[in-house]
There are 2 protein chains.
Amino acid sequence: METTVEKSALEIARAAYRPKMPKALCGPLTIVEGEPTESADNQEEIKELFPNTYGMPYVHFEPSEGGKHSASLNVGVILSGGQAPGGHNVISGLFDGIKSLNPKNRLYGFILGPAGLIEHNYIELTGNIIDEYRNTGGFDIIGSGRTKLEKKEQFDKGLEILQALDIKALVIIGGDDSNTNACVLAEYYKSIGADVQVIGCPKTIDGDLKNSEIEASFGFDTATKVYSEVIGNIMRDCNSAKKYWHFVKLMGRSASHVTLECALQTHPNVTLLGEEVEAKNQTLDDIVTYIAEVVTDRANLGMNYGVVLVPEGLIEFIPAIKRLIAELNDMLAKNQADFDLVAADKKIDYVLGHLSDENAALFKSLPLSVSRQLALERDPHGNVQVSLIETEQLLAEMVKAKLDQWKKDGIYTGKFATQHHFFGYEGRCAAPSNWDADYCYSLGYNAAMLISAGKTGYMSSIKNTFRPADEWIAGGIPITMMMNMEKRNGQMKPVIKKALVELTGKPYKFFVRHRTEWSRNTSFVYPGPIQYFGPAEVCDRPTATLTLEQSDKL
Amino acid sequence: METTVEKSALEIARAAYRPKMPKALCGPLTIVEGEPTESADNQEEIKELFPNTYGMPYVHFEPSEGGKHSASLNVGVILSGGQAPGGHNVISGLFDGIKSLNPKNRLYGFILGPAGLIEHNYIELTGNIIDEYRNTGGFDIIGSGRTKLEKKEQFDKGLEILQALDIKALVIIGGDDSNTNACVLAEYYKSIGADVQVIGCPKTIDGDLKNSEIEASFGFDTATKVYSEVIGNIMRDCNSAKKYWHFVKLMGRSASHVTLECALQTHPNVTLLGEEVEAKNQTLDDIVTYIAEVVTDRANLGMNYGVVLVPEGLIEFIPAIKRLIAELNDMLAKNQADFDLVAADKKIDYVLGHLSDENAALFKSLPLSVSRQLALERDPHGNVQVSLIETEQLLAEMVKAKLDQWKKDGIYTGKFATQHHFFGYEGRCAAPSNWDADYCYSLGYNAAMLISAGKTGYMSSIKNTFRPADEWIAGGIPITMMMNMEKRNGQMKPVIKKALVELTGKPYKFFVRHRTEWSRNTSFVYPGPIQYFGPAEVCDRPTATLTLEQSDKL
């Protein structure tokens, strides 16, 4: 990997930051084993699929006497999937952790994700390289990739290079799917007696890899702070110019945690959450009507401006849209040959003529740019590309159409001008906040201790994270404990259960208690940019989600 | 104005920041008058138009003995035009400045821009209100607006409320147009003996209000740092995932200073500057070919990713596009009735049939979405809406088309996938950087001293800003000194000359020396977010533009 030629002043100053760690990791330690565990659901199936790694105990570390040196060993590390702030700190923590065990230990990084393991593409991560990346954002130290590690041939191919490099443990830093695959790999290597441990680390800015034992996935803290910074700046502009409704789409396809967290930090006038839309069986028209009502209420109070937050995956949560997409995919698959012969400007009519009445009506109600896209653009599998729909623009257009109607009907008399924004790539590679820098470094260092304790099929776990770092609890969770069976591409598969926004959870309930007040007043909060050097109440503040979820532990 | 219910931790901590000021403003001072001045051009015309405010001397302040108390007076303030970070600090500096002269002095803020003066919509800005807004972003303390203050009736209507409130001086915080109008107003009030002084303050994130006496317009420092933060984050993502070309459009319609500054801070692979495109008489195809060549070069080096920066106003700088737009506007105006009768799907053909060959060929070369927009969407004056063209998408599409062709020709063998972004509203209301907080507060405080010295038709000026704040020079520039005559809406008008990126200037030359290296290597720099509390080399760094322009003064 090429390195950056010039470092920014902040990177240079920030390199000196020493991440805070749980007390147990700061010196000699001992492992404490708990009771055997069960999987989240489908215990029989999961047990059968993971005979060697099922039922292992939760473990944690406690400070102890004596040294922690051990025989030397080599470790490999992989960054899997989308970038999240703090990945470099996991790796530097892992490096420092294994060096604390034995200075002869070596760390190898596989290049551009799991593909690097399969294709034997790697570098040794030496102290000089590690020092270039401490407390920085990005995954550029070894790159990341989306190759899925799930086939026996891949595992065998990977084993060749692991054995060639004498690697005894592999750390996979990834989201729910990557950790599922890490567990499958751990099970496989154990089943064939390959003598390679596999440890997972919970990463995703989406915040959907979370459960009773994993309080947060890393990167969520930093990414939501960057998004809240720019949302706050837009809000301040909105409240100064007083002439636009800003529609802001945020990353998060399967879960709306990012949107909820940003709402809790900034208090927008409208916040849409996919999980709520699904639970309430809302239609697109319900959503559009709700926004139009807030716009009308504010217009009546003299405020023709506001901010709307929308999660990227919203459209896929709407039950009626799901049904439309499903029928579209089926219908187009059945009539592929016919449809290909239809002239471009007749395709929409063709689609309308071949859908059920309910779905045809919904399809017809969509703005032309969206129906055109749904009818014309398909992915390599022939499926409709829902992800290409620009939800924030779709909503802005549909709200405008509704308000135009209400204006004719004399219900609405305001002005409605819009701006739209999408924030995703802006936050995934930000330099980690203090919280993420500490959490990630601890996760990595802790992974080294799990390796030293001989564990495999475990996820590195740092708990009690709402308390000061020296009270954090370092340990490991058997990955099978988080699994259940789900249908993927038509087949039942063991997977880690995705954590969606819980409608019984404290963050959501707090939001519901305040949203009417936030919609009618202008209660915007302007969090500003992440600070690395200031007072603790500015620099070390955890997310609102974590604060609300964990506050009873104070 | 309603106030925000909840303040962020950063706002609370930042409220305590004490802006640094030029030494002359820190105690008793005396005014030093220089030689009479001349306007930038068209001296005879400007002199005739401004008989009472032409030729006044440049003035500056120096520390002196004794007190600076004076008889009490009331002052009004207006925020004009687009938001820029630091507006609240100009107002708090002005407030503290007039209070230092006489604690009985009062400050009135006119609401939502110049319209507040004309419509007699104002509040008194008391110490309690001012304290809520120190060192914060936004213009929400009194709001801003784009009403142009240029007619006698407006001036007379404004005078009524100024006299009613016993206001002796009005401070107008705005860009080049607003300061031009401030000067016209100063001239008018002086000509009728109205006894109201008018002082301007140089504001615009675009950086185009700048000359030998005004080293920077306020807000440029902060806004470009916010844009560079998110561009740096996108670059780090780009360099980690290694699969996208990111096209980033930046605010700045008439000048490309913002884009140049961000390029100097982050080192993108391609940077387009409107001024260069115009000077070199480049065509759209020249630009597309240049980007495609950089993409091809990088692909040959194994890098199918990169970052392109584009100024918002690029398209309007391309001479051939200017000619197309001009002919389109003329042709559509002439054939309005005919054109309205043409069916929607035939309008493009109609346009093609009525343009000159050269312009028809260019029109035909544009992506369908753009030609459709140019043919169908018009502003209230019937003009083509160039500003609606999404330049970053247009370029990405056209580069893709060119690379597809080159692939067929065997010239290009890489992959080309794109993401696009537009940053504008994200930076205009950020909390001011230390530099902007100091500069703005000093501009406001200094405006109070100019008022006390009886000046009118002056712009508040703080010079030597590349040196530490106590060496800054506080003074005033006669606004007429910056003027020349330009055609506006068909008429010759006296206006402040807009500062474009100079192709003989040091910032541009530095960029030219490095751009090839930045295009072929991945030399990205990741500046990170603005820091308010850290080491001086992180927190007090001026822009690269100012550093390069002023570095000979070190």
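User: How do H9(A) and H21(A) lie to each other?
Analyst: The model is predicted, so local features need pLDDT of at least 70 and side-chain atom pairs pLDDT 80 or more, while totals for chains, interfaces and linings use all residues. Residues are numbered from 1 along each chain as written, chains are lettered from A and ligands numbered from 1 in written order, and side-chain values use heavy atoms without hydrogens or water. Helix H9 (residues 257-266) and helix H21 (residues 506-520) of chain A pack at about 50° with axes 10 Å apart (helices, H or I, have at least four residues and strands, E, at least two, as DSSP runs numbered from the N terminus; axes are fitted to C-alpha atoms, for helices over the stretch in contact, and angles run from 0 to 180 degrees between N-to-C directions). With under 35 degrees counted as roughly parallel, over 145 as roughly antiparallel, 65 to 115 as roughly perpendicular and the rest as oblique, H9(A) and H21(A) are therefore oblique.

User: In chain B, how many charged residues are in the contact of H11(B) with H21(B)?
Analyst: The axes of helix H11 (residues 284-300) and helix H21 (residues 506-520) of chain B come within 8 Å and cross at roughly 50°, which makes H11(B) oblique to H21(B). Tyr290(B), Val294(B), Asp297(B) and Arg298(B) of H11(B) meet Arg515(B), Ser519(B) and Arg520(B) of H21(B). By class there are 2 nonpolar residues and 1 polar residue, and the charged number is 4.

User: Which strands stand at the edges of the open sheet in chain A?
Analyst: The sheet has 9 strands with mixed pairing, in the order S1-S2-S13-S12-S7-S6-S3-S4-S5 (two strands pair if DSSP finds at least two bridges between them). Neighbouring strands are turned by 25° against each other on average, direction ignored. Two strands have a single partner each, so one side of each lacks a neighbour in the sheet: S1 (29-36) and S5 (122-124).

User: What is the bridge partner of Leu29(A) in S2(A)?
Analyst: S1(A) and strand S2 (residues 57-63) of chain A run antiparallel and are joined by 6 bridges. Within S2(A), the partner of Leu29(A) is Pro63(A).

User: How many of the 6 residues of S13(B) are buried?
Analyst: Strand S13 (residues 473-478) of chain B pairs antiparallel with strand S2 (residues 57-63) of chain B over 2 bridges, where His60(B) has Gly475(B) as its partner. Strand S12 (residues 458-463) of chain B is joined to S13(B) by 6 bridges, also antiparallel, and Tyr458(B) stands opposite Pro478(B). Buried means under 20% relative accessible area, exposed over 50%, partly exposed in between (1.4 Å probe, protein chains only). S13(B) is largely enclosed by the rest of the structure, because the number of its residues that are buried is 5.

User: Is Asn135(B) buried or exposed?
Analyst: Asn135(B) lies in the loop between helix H5 (127-133) and helix H6 (152-164) of chain B. Its phi is near 60°, a positive value in a residue other than glycine. At 2% relative accessibility, Asn135(B) counts as buried.

User: At what relative accessibility does Leu112(A) count as partly exposed?
Analyst: Leu112(A) sits in the loop between strand S4 (106-110) and helix H4 (114-118) of chain A. Phi of this non-glycine residue is positive, near 55°. Leu112(A) counts as partly exposed, with a relative accessibility of 30%.

Technical notes
Contact = heavy atoms within 4.5 Å. Nonpolar A, V, L, I, M, F, W, Y, C, P; charged D, E, K, R; others polar.
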